Amino acid sequence: MVYTPPEPLPSGPLIEAEKKVNGFIVDSAVFVIDKLYEGRDYPRFYALETIARVPYFSFLSVLHLYESFGWWRRADYLKVHFAETMNEYHHLLIMEAMGGADSFKDRFFAQHVAVVYFWVAVLIYMVSPRMAYNLSEQVEEHAYATYDDFLKKNEEELKQTPACGVAVSYFQLGDLYLFDEFQTNVYDGLNKATNEEVRRPKIKTMYDVIENVRNDELEHVKTMNFCQKPGNLLRANSSIRAQRKAREICDGIVENDGEEEEEDVREECDLVVASEQDAEGEKSCEGVLDCIVKGFEERTISNSTVTDNTEMISNREEKREDTKKA
Ligand SMILES: [Fe+2]
Ligand SMILES: [Fe+2]
C-alpha cells in the first residue's frame, strides 16, 4: 500500500527546488545509514527511529519559541507533533528491545546525526515550514518503505517470533489518547469527515509489531503532506471531537426550539459559541516573518470575535428572558 495524496500539492520552481534539496539530503543520509548498518536490520531501524523523530522536536521547539514571543500560537500543532514524537519514542524503545542499540558505535553515530539534524530542521522550519514538512514527509516515506520491505522479506520468521513486551504495552495495554491524536482516518482526521473504525492494534508476534510501526509511519506521511498545503490548519483529533460534541448539544437546542431549555445544556451551548472563536481567523504560517505578521493580525481578529461572541450570547440571554416574561 503506497499512500497517494488526495490532492496534488502546490508546485512551482521554488517548491520543486526545495523538494530536490530535501531529496538529496534524504538520499545521502539513507546511503550512509544503509552502508554502515548493512545486514543488521534492528541497528538500522534504531538509527532511523533516532533520527526520524528529531524534526518533531524541532517543530515543537520553534512553535514554543513563537508562542513565548507572543507571535503565533497553535496548540493543535503542538498536540499533534507531540503525539508523533511519543509514537516515534515507542518505535525507538521497540528497536532497543530488539537489540538495535547494543553497540556503542551505533548509538554514537545515530545520536550525533540526530543533534545536527535537529538544528538543520529548526532552521528550515523557521524559514520555510513547507520545506521542513516536505523533508519530514520524505523521511517518513523512507521509513514506511523500509518496514514494508522488511515485512515482505521476513514474513515467516517474524510471524514465529513473539512480540516484545514494550510493543504490547504501548499498542495494546497503554492509554491510547496520544496514539489516537495522530491518526488521520478517524474523528474527522485532517479536517475530513470519515467514519472508519478507531485503530486498535492486536499484538501477538513481531510481524504485528513491525506492521503497526509501518502503519504509524504512513500516518506521519499523511500528516506531513497535509501540513504543506497553504491555508491548511492541522487540528488535533481531540479538539475536533470536543467541538463536534458541543455542536451536537447546540443542534439539540435548535431542534427543541420553543421548549424550555435546561440551564446546564444552555450554558454548554454558549460555550460552544465562545469556543468557536478559536477557529475564527486562523491562518497557516509560512515562516518566521509570516508568523510574526499573522500573529499580530490574528490577535486583532480574535479580540473582535470575542466582542462579537459576547454580544451574541448576551442577545440570546435577553431573548430568553423576554420569552420567560411572555
Ligand atoms: Fe518511527
Ligand atoms: Fe515516523
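A crossing of two helices is left-handed if the near helix is turned anticlockwise from the far one by less than a right angle, and right-handed if clockwise. In this predicted model, H2 passes H6 in a left-handed crossing, while H1 passes H6 in a right-handed crossing.

**Overall make-up**

The chain holds 13 helices and zero strands. Of its 326 residues, 30% are buried.

Two packed helices are described by the angle between their axes and the distance between the axes.

| Helix pair | Axes come within | Crossing angle | Hand |
|---|---|---|---|
| H2 (residues 41–52) and H6 (residues 129–153) | 11 Å | roughly 160 degrees | left-handed |
| H1 and H6 | 9 Å | roughly 40 degrees | right-handed |

For H2 and H6, the axes cross at roughly 160 degrees. Angles over 145 degrees count as roughly antiparallel, and H2 and H6 are therefore roughly antiparallel to each other. On the H2 side the contact is made by Asp-41, Leu-48 and Ala-52; on the H6 side it is made by Val-139, Glu-140, Ala-143, Thr-146 and Phe-150. By class, the contact of H2 with H6 has five nonpolar, one polar and two charged residues.

The axes of H1 and H6 cross at roughly 40 degrees. From H1, the residues Glu-18, Lys-19, Asn-22, Gly-23, Ile-25, Val-26 and Val-30 take part. They meet Met-131, Asn-134, Leu-135, Gln-138, Val-139 and His-142 in H6. This contact of H1 with H6 divides into six nonpolar, five polar and two charged residues.

**How H2 is covered**

H2 is mostly covered, with 10 of its 12 residues buried. The buried residues are Pro-43, Arg-44, Phe-45, Tyr-46, Ala-47, Leu-48, Glu-49, Thr-50, Ile-51 and Ala-52. Charged side chains are included here, namely Arg-44 and Glu-49. The cover over the buried residues of H2 includes helix H1 (13–36), H3, helix H4 (75–97), H5 and H6. In length, H2 agrees with expectation, because its 12 residues should span 16 Å at 1.5 Å a residue and its end C-alpha atoms are 16 Å apart.

**Helix H5**

Helix H5 (residues 104–127) has 24 residues. From its first C-alpha to its last it reaches 35 Å, close to the 34 Å expected at 1.5 Å a residue. Its buried residues are Asp-106, Ala-110, Tyr-117, Ala-121, Ile-124 and Tyr-125. An α-helix has 3.6 residues a turn, so residues three or four places apart point the same way. The buried residues of H5 pack against H2, helix H3 (54–68) and H6.

Where does Gly-287 lie? Gly-287 is in the loop between helix H12 (263–275) and helix H13 (288–325). Is Gly-287 buried or partly exposed? Gly-287 counts as partly exposed because it has 16 C-beta neighbours inside 10 Å, where a buried residue would need 20 or more.

Gly-287 and Ser-128 are 159 residues apart in sequence, yet their C-alpha atoms are 5.0 Å apart in space. Leaving aside neighbours within four places in sequence, Gly-287 is in contact with Met-126, Val-127, Ser-128 and Pro-129.

Technical notes: Residues are numbered from 1 along each chain as its sequence is written. Chains are lettered from A and ligands numbered from 1 in the order in which they are written. This is a predicted model: local features need pLDDT of at least 70, side-chain atom pairs count only at pLDDT 80 or more; totals for chains, interfaces and linings use all residues. Axes are lines fitted to C-alpha atoms, for helices over the stretch in contact, and angles run from 0 to 180 degrees between N-to-C directions. Helices (H or I, at least four residues) and strands (E, at least two) are DSSP runs, numbered from the N terminus. Angles under 35 degrees count as roughly parallel, over 145 as roughly antiparallel, 65 to 115 as roughly perpendicular and the rest as oblique. Two residues are in contact if their C-beta atoms, placed from the backbone, lie within 7 Å. The expected span of a helix is 1.5 Å times one less than its number of residues.
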